[in-house]
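Please keep the sequence and the model at hand while reading.

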Amino acid sequence: MTVWPTRTGLDVFDRIDSTNEEARRRVAEGMAVPFWIAAKRQTMGRGRQGRRWTSEPGNLAATGVFSIDGSPAEAALLSFTAALAVADTLTALAPEAEVAMKWPNDALLNGGKVSGILLESLSADGPAGLVLAIGIGINLEHHPDPQDTNWRPTSIKSETGRAPDFDFALLVLADSMQTWLDVHRRLGFAEIRRHWLARASNLGKEIRVRLGQKTLHGRFRDLDSDGALVLEGPSGTRRISAGDVFLPGDT
Ligand code: BTN
């Protein structure tokens with residue numbers, strides 16, 4: 001049964017600048033964690049690597065705020081945990097479509113980018129541990145114009161013919177996140193890594209990775225125990241900690 005996680009707050013906005021920004025304000029005001037902030041529309045949605053994230057009505061923008069034990073490097077691995085929660089959410093909302101993961105934390109639906117995750121630290125390591133904002137955008141109904149992205153964007157509606165209900169999508173996401181956070185807490189990143197690799201797109205195949213102005217070509221070999229992508233290229237094997245992956249078919 002899908003249920004809202006216990007003792008977890010929720011505020012839903014019709015319109016807000018960014019759910020990650022609202023989460024930051026709430027934590028600064030002393031709001032108790034965990035909680036979720038969700039919005040039907042964001043006017044200043046943020047993406048990875050300083051990009052904008054467009055959030056139109058019909059899509060889901062949500063940020064879960066959690067307190068985490070462990071170092072900042074360990075906390076960063078939660079983006080993979082969140083990606084598995086998104087993958088399960090997509091499977092529940094679009095069971096007929098194919099769900100896959102793209103490094104570091106994108107979820108693909110039938111090969112198109114349908115979701116993005118932006119993890120931000122909201123507090124320094126304190127007695128309550130690190131406070132993390134895990135911001136998630138899911139294209140339920142709309143997606144950006146493909147001309148504005150270097151990969152194929154998609155939405156659940158484009159792949160299945162219907163857009164899921166906002167409230168239901170949020171409920172499934174919060175429930176899945178709780179499940180995967182519990183897995184991470186009990187069994188550690190090794191278990192998350194195992195599940196992530198089982199759903200990884202293009203594992204063992206040729207990919208491109210863009211690091212700033214530089215593009216590397218190679219075979220996607222592995223996800224290492226620190227969350228780095230292991231790329232086997234013509235001049236040897238490299239571990240990549242930050243960048244954008246491009247799959248065959250992306251521009
Ligand atoms: C990406 O670039 O792929 C990450 C996109 C993350 C977007 C989400 S939408 C909810 C939350 N609020 C934001 O401003 N960004 C994240």
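A residue is called buried when its relative accessible area is under 20%, exposed when it is over 50%, and partly exposed in between, with a 1.4 Å probe and protein chains only. The model is predicted: local features need pLDDT of at least 70, side-chain atom pairs count only at pLDDT 80 or more, and totals for chains, interfaces and linings use all residues. Residues are numbered from 1 along each chain as its sequence is written, and side-chain values use heavy atoms, with hydrogens and water left out. Helices (H or I, at least four residues) and strands (E, at least two) are DSSP runs, numbered from the N terminus.

- Two strands pair if DSSP finds at least two bridges between them.
- Strand β6 (residues 112-121) and strand β7 (residues 130-138) run antiparallel and are joined by seven bridges.
- E120 has A133 in β7 as its bridge partner.
- Strand β2 (residues 35-39) holds W36, which is buried with a relative accessible area of 1%.
- From W36 to G111 there are 75 residues in sequence and 28 Å in space, C-alpha to C-alpha.

**Helices on the sheet**

- Contact means heavy atoms within 4.5 Å.

**Helix α3 against helix α5**

- The axes of α3 and α5 are 8 Å apart, and the two helices pack at an angle of about 135 degrees.
- Helix α3 is therefore oblique to α5; angles under 35 degrees count as roughly parallel, over 145 as roughly antiparallel, 65 to 115 as roughly perpendicular and the rest as oblique.
- The crossing of α3 and α5 is right-handed; a crossing is left-handed if the near helix is turned anticlockwise from the far one by less than a right angle, and right-handed if clockwise.
- Among the residues that meet are L78, A85, D88 and T89 in α3 and F168, S176, W180 and H184 in α5.
- By class, this contact of α3 with α5 has 14 nonpolar, four polar and one charged residues; Ala, Val, Leu, Ile, Met, Phe, Trp, Tyr, Cys and Pro count as nonpolar, Asp, Glu, Lys and Arg as charged, and the others, Gly among them, as polar.
- S176 belongs to helix α5 and is buried, at a relative accessible area of 9%.
- Apart from neighbours within four places in sequence, S176 is in contact with A85, D88 and T89.

**Helix α3 against helix α6**

- Helix α3 (residues 78-93) and helix α6 (residues 189-198) have axes that come within 10 Å and cross at roughly 45 degrees.
- This angle makes α3 oblique to α6.
- The α3 and α6 crossing is left-handed.
- F80, T81, A83 and L84 in α3 meet F189, I192, H195 and W196 in α6.
- The residues of this contact comprise six nonpolar, two polar and no charged.

**The five-stranded sheet**

- A further open sheet, of five strands, has the order β11-β10-β9-β8-β12 with antiparallel pairing.
- Its edges are β11 (236-240) and β12 (244-246); each has a single partner strand, so one side of each is left without a neighbour in the sheet.
- The twist in this sheet averages 45 degrees from one strand to the next.
- Four bridges pair strand β9 (residues 214-223) with strand β10 (residues 229-233) in the antiparallel sense.
- Opposite F220 stands L231 in β10.

**Backbone features in loops**

- V33 and P34 are joined by a cis peptide bond, with omega about 0 degrees; P34 is in the loop between α1 (19-28) and β2.
- The peptide bond from W103 to P104 is also cis, with omega near 0 degrees, and P104 is in the loop between β4 and β5.
- Q49, in the loop between β2 and β3, has a positive phi of about 55 degrees although it is not a glycine.
- Q49 is partly exposed, with a relative accessible area of 49%.
- N110, in the loop between β5 and β6, is not a glycine but has a positive phi of about 50 degrees.
- N110 is partly exposed, at 32% relative accessibility.

Conventions
Axes fitted to C-alpha atoms, helices over the stretch in contact; angles between N-to-C directions.
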